[in-house]
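Dear colleague,

I am handing over the structure we spoke about, and it is shown just below. My notes on it follow, so please read them with the view open beside you.

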Amino acid sequence: AGSLVSQSIPATLGTRVPLVSGPDAEYANLDHAASAPCLRAVRDAVDEFLPWYASVHRGAGFASQVSTKVYERTRDVLRRFVDARRTDSVIFTRNTTDALNLLARSVPRHTSVVLFDTEHHAALLPWRGPNVRRVRTPRTRLAAVSAVDSALAATPEGPRLVVLTGASNVTGELLPVAEIAAVARKHGARIALDAAQLAPHRPISVRDLDVDYVVLSGHKLYAPFGAGALIGRADWLRAAPPYLAGGGATKAVTSEGVAWNSGPERHEAGSPNTVGVYALGVACDQLAEHWGAVLAHETELLTRLRKGLEAVPGLTQLRLFDDPGDEVGTLSFTVDGFEPGWLAAVLSAEYGIGVRDGAFCAHIATKRLTGGAQAVRVSVGLGSTAEHVDRLVLALRQIVARGARWTYGKVDGRWAP
Ligand code: PMP
């Protein structure tokens, strides 16, 4: 895939896949929103680091020193990547879900939480209790801002937190983050930005947006699995009980009790994922260095994709909002008369195209936008090319023209040839 991408874009690893009939094909990766393919630069950096990884903060040995330096320096890389405040904490987690659960465990007791009901389950589900207010997502961004305003006005006295995704993992539409952050500020509330889908596509400035927390996942940022981060205000995190109890989170342990660390290590007990954290940092630096090319590539592909899909008979693209706004390279659609799971299976087996089908861990959003059904999601990124997009559009036109021939059966609940 890399050779078709502009030289100035950090290329991803390419692959070929078997088809049910005919020769194999270059894999058309149109599933970046699930997990983005690894950048070559990330692969090379990890390769160099592998002989040196060791447990951090644990020993005087050279490898441990190298690992500790790399691990601690990556906190600064993340802080820079999201333009965080100097005083913000950077805590490494397994992924966005882990980071949001950590935040949910760290907010003061009786914190009122306001969020939209169309959020990804990772953002929707960690909050429990009577102080959680799920707001039905309105049909315009403008109304979304006032909906948060009204919800916050109705919350009781005490700490308040708004949880908001930066970009929908279903439709790719951006949420009005800065406007909602301003409303939060007006009510003395904090705001946490779920940047799992935004961070791979847009530079983020915590300071310009005026958000309190940002969470993200390495595997959506062109690094392999296993590392994510929670970046934000240190006070609640410092006061919260350790997320995990164990080695590394403590200053001292005696028969009488435990003195926990107050820095990020407080929530990072156990041997951390040094390699994953390093990979995440390298990916962030690569994106930061190449934003211009990344954005140009994605805009071109998204425009081509939306236009191509408009010409497919019976295809409806899903949208959360009726008012125009920015969007990343992710979209979902339904096609009249075709089951999304079956479409995705045919695209994979006959055309070598990877997409996602289902409700995308955002069941309320997907069901609402499809009238109770599921959808196909296409997401472009650095591992996608114009040829992949054209192949998808052509495939859909051919599939629709020939009709749903059910030569596929269900294996383990999924359609297969
Ligand atoms: N939030 C959003 C908006 C997402 O798209 C995802 C991943 N689909 C998550 C959170 C959860 O990310 P992870 O699976 O890496 O924890």
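**Around the ligand**

Two helices, α3 (96–106) and α4 (121–124), each contribute at least two residues to the shell around the ligand. Please keep in mind while reading that this is a predicted model. The shell counts 14 residues, and those that come nearest to the ligand are Asn95, Thr96, Thr97, Asn169 and Ser217. Sorted by class, the residues of this shell are 9 polar, 4 nonpolar and 1 charged.

**The annotated domain**

The UniProt record, an unreviewed entry, places a feature named "domain: Aminotransferase class V" at residues 29–392.

Helix α1 (residues 40–49) and helix α9 (residues 274–289) cross at roughly 145°, and their axes come within 9 Å; the crossing is right-handed. On the α1 side the residues involved are Ala41, Val42, Ala45, Val46 and Phe49, and they meet Val275, Tyr278, Ala279, Val282, Ala283 and Gln286 of α9. By class, this contact has 10 nonpolar residues and 1 polar residue, with no charged ones.

For helix α5 (residues 141–153) and helix α6 (residues 177–186), the packing angle is about 20° and the axes are 9 Å apart. Because angles under 35 degrees count as roughly parallel, α5 is described as roughly parallel to α6. The crossing of α5 and α6 is, again, right-handed. Val145, Val148, Asp149 and Leu152 of α5 make the contact with Glu179, Ile180, Val183 and Ala184 of α6, and by class this contact holds 6 nonpolar and 2 charged residues but no polar ones.

Finally, helix α11 (residues 340–351) packs with helix α13 (residues 386–402) at an angle of about 115°, the axes lying 11 Å apart, and the crossing of α11 and α13 is right-handed. Here Leu343, Val346, Leu347 and Tyr351 in α11 meet Arg391, Leu392, Ala395 and Ile399 in α13. In this contact there are 7 nonpolar residues and 1 charged residue, and no polar ones.

Conventions
Residues numbered from 1 in each chain as written. Predicted model: local features only at pLDDT ≥ 70, side-chain atom pairs only at ≥ 80, totals over all residues. UniProt positions renumbered as here; feature names shortened; annotations may be inferred. Near = placed C-beta within 6 Å. Helix = DSSP H or I, 4+ residues; strand = E, 2+ residues; numbered from the N terminus. Nonpolar A, V, L, I, M, F, W, Y, C, P; charged D, E, K, R; others polar. Axes fitted to C-alpha atoms, helices over the stretch in contact; angles between N-to-C directions. Parallel < 35°, antiparallel > 145°, perpendicular 65-115°, else oblique. Left-handed = near helix turned anticlockwise from the far one by under 90°. Contact = placed C-beta atoms within 7 Å.
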